[in-house]
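Please open the model in your viewer and keep the selection tool at hand. The stops below take you from one selection to the next, with a short account of what is there.

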Amino acid sequence: ETIALTDTIYPEVRAVPAFDEIDSLIEANDPIVKAIEKDVEVNKSRLSLERALALPRLTGGYHSQTLLGQAYRGVHVGITIPVWENRNKMKAQNLAVEYSNRRNEEHRVEHRFENKVKYDRYEALNAAIVKTTGFLENLTTVPMLNKALRLGQITSIDYTNELSLYYSLKDRLLELEKEYHVAVTELYKFEL
């Protein structure tokens, strides 16, 4: 029984834009970048809270107190100046903001490098496909080899060698196309 293959051609791949454009698309959709940016925002909010807590606080109200049988009543006003209370908390929060910013930058640089490696692989595979396709177009095709063998223009060893070269290049082209499509998928996986 024969197996019917209905589709043996890779689907058309949309054009991959220049590196800077694809890199910015990947960065814009990177969940780790979004999480780190949220962490930066949270640390900045905490820093502003610590600054607010370091400001002097006013208290006021009506106060009543009884000492040794005497009652004291009246308006109570006070001010609290936190001189040492939040000093280390502010420093710690400043360091947390700085750490979050550096972590964000480090991730962006690392991610850009990874994207560049993927993009370079895509370009190398594309160039290899073009080169291999050019070799295959310049080689004698199988019908021409069959005709040359029948007419005695080439020996059976030459025929076998040429056919072997042709099919190995054809296999290599298919392998390169598969790797090319995997590389393009790696570049566009942020859309999933």
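Begin by selecting the largest nonpolar core, which has 24 residues, a nonpolar core being a set of buried Ala, Val, Leu, Ile, Met, Phe, Trp, Tyr and Cys residues joined through side-chain atoms within 4.5 Å. Val16, Ile22, Tyr119 and Tyr122 have the most contacts inside this core, where buried means under 20% relative accessible area, exposed over 50% and partly exposed in between, with a 1.4 Å probe and protein chains only. At least two core residues come from each of α1 (19–28), α3 (87–138), α4 (142–150) and α5 (156–187), and α5 gives the most, with 10 residues. Helices (H or I, at least four residues) and strands (E, at least two) are DSSP runs, numbered from the N terminus.

This is a predicted model, in which local features need pLDDT of at least 70 and side-chain atom pairs count only at pLDDT 80 or more, while totals for chains, interfaces and linings use all residues. Residues are numbered from 1 along each chain as its sequence is written, and side-chain values use heavy atoms, with hydrogens and water left out.

Next, select Val16 and display its partners: leaving aside residues up to four places away in sequence, Val16 touches Tyr119, Tyr122, Val184, Leu187 and Tyr188, a contact being heavy atoms within 4.5 Å.

Now show α1 together with α3, whose axes lie 10 Å apart and which pack at an angle of about 130 degrees. Axes are lines fitted to C-alpha atoms, for helices over the stretch in contact, and angles run from 0 to 180 degrees between N-to-C directions. The contact is made by Phe19, Asp20, Ile22, Asp23, Ile26 and Glu27 on the α1 side, and by Arg108, His111, Arg112, Asn115, Lys116 and Tyr119 on the α3 side.

Move on to α3 and α5, whose axes come within 9 Å and cross at roughly 155 degrees. That angle makes α3 roughly antiparallel to α5, a term for angles over 145 degrees, with under 35 counting as roughly parallel, 65 to 115 as roughly perpendicular and the rest as oblique.

Finally, select Gly60, which is found in strand β1 (residues 57–67). Is this glycine, Gly60, buried or exposed? Gly60 counts as exposed, because its relative accessibility is 61%. Not counting residues up to four places away in sequence, Gly60 touches His76 and Val77.
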